[in-house]
Amino acid sequence: MAGTDPQILALAAQITESREQDIPLLLLKLKGILSSPSLGCEESNKIKQDIYDYGLTQYCLLVLKQDHSQLHGAWATAAQLAEILSHCCVGLEVKEDPEEFYRKFLPSVIDSLLVLGKRLQARFIRAIKDKEKQDFLHWFQTVTDAICWLFGGHIQLAARVLQNDRFLQLLITDDVETAIVMMSVLHNILRVNSSVLLQVEEETLHSVLDELVYKLSSTTNPAVGSAATKLLLLVAKSCKQLVQLLTARYKGLKELLSKQWTGKGFDREVNQLLDLLYLEQSSGKGEMQKQHEAACVIQAAWRGFQTRKRLKKLPQAVVTLQRSFRAKREQELQHLTKQKEDEALKLQMQLQRQRAMRLFHERQLALLEVVHASQVNKYMQEMEEKSALTIQRFWRGYRARRIFHQQKQSLKEYKAAVIIQRAACKFLEKRRRRRPLSPWKEPRGLTDEQRLALQQKVDDYIKLHPASQMSEERSKELHVQAQAKLAQFLLRNRLDQRAAQRREALLAQVNTDVELLMNAPGLAETTEKDIGAFMSRSIPVATKARQAHNTMLKHTRWPWWKKLGDEFMEDDVIPDDAINTELETLFIGGRKSF
């Protein structure tokens, strides 16, 4: 292209041949080209046209849309590129395809600069070290200055900036430094285009005014109050319609300005704003208000005359009247004090609620920037489920604690009863273990250790009580006789035990048959099942064994207080019902014939 600056040609060729990560540093050279002192107005506009024609401004925009933390120089490079991009766009008159420049490119530049400003503001708030905070604040101011420079050169962008959601996010903050910077940006917007508030949507207008009034009511910082007051004054001066909106929408604004912000160093602006508000309010009263005030004066004079006349006629009522007046005045003062306290508490709660909602919306907006658009519904559903689970968890915990306190005494009594029952069961178990063995149970054999202990006792006894002298033949003879008698005794004892066992088995069998016959149905009601019970010996035996087992289980499941009588029994005494349960009703297998 003829007449193109050679520096721009060299830079464009170098950017085309360079790597992607080196492009941001190369674009910073545009700052030196634009700020050359030898350039005049026409030469500067020509260089901006060449920069746009060679696509260098598009490169700057693409770099600003990337992740700024990955750039060389990080946020400092991004802030400088924002400044370069705004200077390249101001004073540029595109002749070829201007609609592309004014309708698409410039709005895209505004959006990118606001996104960069939002990220710098978030990192400034999160920064801890003073050096980091100063750096981020400086870069943030650089970006906001670039925005002001851009809509100062293109007035139509002022409404675009004001309607952008990220501009409202930047303005709605509790941080003092960034809030003052954003209010200065809003001041520049109103100074460039005073009627811009009437061009935006009603919701955007209300959001801006709400934030300004909120900053006046929620802070005591003079810098914030001065900036907000000056902005409201500029809004009121720009259009009478906006003054009417301020008077109608914010009832307590005049009282707030007169009480909280008088004497803070900017009384001139406060008084001017109050004059505009009071003038609007007084002009709306009209003749009806004047008549009402005149009627009030006449009524006050008439009531005073009537009161004085009554006091002259009734001097004895002075004391009573004074007492009632003082009591009424004291009551009114107390009511007024209580009302002021309630209003102050209500206002404080409202401010806290608004602050909490603001923080919540800021976190939601920050998360929505990170979450992909396809995952927003899923994320909102997960948040609703987590909220529902939290509410349910707190409600169930509260209900469980309330029920626990109500049943605390019953639980204490129940635990005491369990402890007593456990102790009684242990005591009864110990007593039950000390009872002698049943007569039908054979004694257990001796172990090797017990035999050795008994042998040792016998040897010790023989040593202590030596026998008289006896010959070896006589000793062997006595030993043989003792062995024979012992064998006879054991044989006879075993036969007696078998006979006793057969008798017990026969007695149990007879008892079983008798009980079956007594419980048997009549001949007319007899079935094959009943006949099988009499034909088979195993069925009645199993039936009686089951009944005996159930009886013993029932006995063991008795409560401890039913078994307290057992501890007064002697160890050698066996209950008759236990004998009947274990001997009479239980069939012990054996042969029928002896």
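**Figure 1. Helix α13 passes helix α19 in a left-handed crossing.** In this predicted model, the contact is made by Glu 211, Tyr 214, Ser 217 and Ser 218 of α13, which meet Leu 351, Gln 354, Arg 355 and Arg 358 of α19. Helix α19 comprises residues 318–370, and the two helices pack at an angle of about 125 degrees, with their axes 12 Å apart. That angle makes α13 oblique to α19.

**Figure 2. Helix α11 packs against helix α13.** Two packed helices are described by the angle between their axes and the distance between the axes. For α11 (residues 176–192) and α13 (residues 202–218), the angle is about 135 degrees and the axes are 13 Å apart. Angles over 145 degrees would count as roughly antiparallel and those from 65 to 115 as roughly perpendicular; α11 and α13 are therefore oblique to each other. Their crossing is left-handed. On the α11 side, Ala 179, Met 183 and Leu 186 take part, and they meet Val 208, Leu 212 and Lys 215 of α13.

**Figure 3. The buried residues of helix α1 line one face of the helix.** Helix α1 covers residues 6–17; at 1.5 Å a residue, its 12 residues should span 16 Å, and the end C-alpha atoms are 17 Å apart, which agrees. Its buried residues are Ile 8, Leu 11, Ala 12 and Ile 15. Seen down the axis of α1, these residues fall within an arc of 100 degrees, so they line one face. An α-helix has 3.6 residues a turn, so residues three or four places apart point the same way. The face of α1 turned away from the buried side carries the exposed residues Pro 6 and Glu 17.

Terms used:
Residues are numbered from 1 along each chain as its sequence is written. This is a predicted model: local features need pLDDT of at least 70, side-chain atom pairs count only at pLDDT 80 or more; totals for chains, interfaces and linings use all residues. Side-chain values use heavy atoms; hydrogens and water are left out. Helices (H or I, at least four residues) and strands (E, at least two) are DSSP runs, numbered from the N terminus. The expected span of a helix is 1.5 Å times one less than its number of residues. Buried means under 20% relative accessible area, exposed over 50%, partly exposed in between (1.4 Å probe, protein chains only). The arc is that of the directions from the helix axis to the C-beta atoms. Axes are lines fitted to C-alpha atoms, for helices over the stretch in contact, and angles run from 0 to 180 degrees between N-to-C directions. Angles under 35 degrees count as roughly parallel, over 145 as roughly antiparallel, 65 to 115 as roughly perpendicular and the rest as oblique. A crossing is left-handed if the near helix is turned anticlockwise from the far one by less than a right angle, and right-handed if clockwise. Contact means heavy atoms within 4.5 Å.
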